[in-house]
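Work through the exercises below with the sequence and the 3D view at hand. Each task is followed by a solution in steps.

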Amino acid sequence: MSFKKWLLALVAMVVVSSAANAELIRNDDPHELLKEVAEVTFERIENERAKIDEDPNYLKVIVKEELMPYVDSLYASKKVLGRYLRDTTQEQREAFYRAFYDYLVATYARAFTQYDESKHTVSFEPAAELPDDARTAVVKTRVKETGRPEIRLDFRIRYDRDEDIWKAYDLVVEGISLLNSKQSEISAVIRSNGIDKTIELIEQKAQEPIKADEEVDNPAEGI
């Protein structure tokens, strides 16, 4: 999978996994929820484009307020740690969760610098009927860009009992799980550098400033 496709997929996740500022959008149907929050996000981006152009780092604010309430970063962090979850202290785990959260915020913000809402559109495939007791689901979408083949995206989401809301935790792009890919990448860094150094590297990556129209390298590099 090319990084171009990864980047468009990441942007699509931002678009369809966002939340309203003042109040969470709630819908028992995860498919309809994603469609509803997409409209909210597009509207905010359009309304605040001038502010974003003036200060690209403001994208981090939008990501925190609009995206992260609908992303299960804690669950994703645990999946990324994998077997190292048992080999770390509680303090190390919590430090990793915080660093990975900030890393996601920065990564999504950088993806937005490459996104042009006038060229990219997101469509939803018809929803499959879910049983009443379903706690996981897959929402299938397509990203279209003028003059390019569409990209197939499957969002894996789970029901958060504590917050009583559906949250995204993984994105499968053309059959490739981004969560599994990130787990492999970070596991390799932990093996080479240890957990404490890995946390430090992730934090450094998260704190790098956001630049307008920057060429985004593969975010796995350098961590």
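## Salt bridges in a predicted model

Glu200 and Lys197 lie three residues apart in helix H8 (residues 195-207), so about one helical turn separates them. The model is predicted.

**Exercise 1.** Decide whether Glu200 and Lys197 form a salt bridge.

Step 1. The closest N and O atoms of Glu200 and Lys197 are 3.6 Å apart.
Step 2. A salt bridge requires such a nitrogen and oxygen within 4 Å, so the pair qualifies.
Step 3. Glu200 has a relative accessible area of 36% and is partly exposed. Lys197, at 34%, is partly exposed as well.

**Exercise 2.** Find which parts of the chain the salt bridge between Arg142 and Glu125 ties together.

Step 1. In this salt bridge, the closest N and O atoms are 2.6 Å apart.
Step 2. Arg142 belongs to strand E2 (residues 136-145), while Glu125 sits in the loop between strand E1 (120-124) and E2.
Step 3. The pair therefore ties together parts that are 17 residues apart in sequence.
Step 4. Buried means under 20% relative accessible area, so Arg142, at 12%, counts as buried. Glu125, at 27%, counts as partly exposed.

**Exercise 3.** Classify Asp87 and Arg83 as buried, partly exposed or exposed.

Step 1. The side chains of Asp87 and Arg83 meet in a salt bridge (3.8 Å, N to O).
Step 2. Exposed means over 50%, so Asp87, with 54% relative accessibility, is exposed.
Step 3. Arg83 has 47% relative accessibility and is partly exposed.

**Exercise 4.** How many salt bridges does the structure hold?

Solution. The structure holds eleven salt bridges, including the one between Asp87 and Arg83.

Definitions and conventions: Residues are numbered from 1 along each chain as its sequence is written. This is a predicted model: local features need pLDDT of at least 70, side-chain atom pairs count only at pLDDT 80 or more; totals for chains, interfaces and linings use all residues. Side-chain values use heavy atoms; hydrogens and water are left out. Buried means under 20% relative accessible area, exposed over 50%, partly exposed in between (1.4 Å probe, protein chains only). Helices (H or I, at least four residues) and strands (E, at least two) are DSSP runs, numbered from the N terminus.
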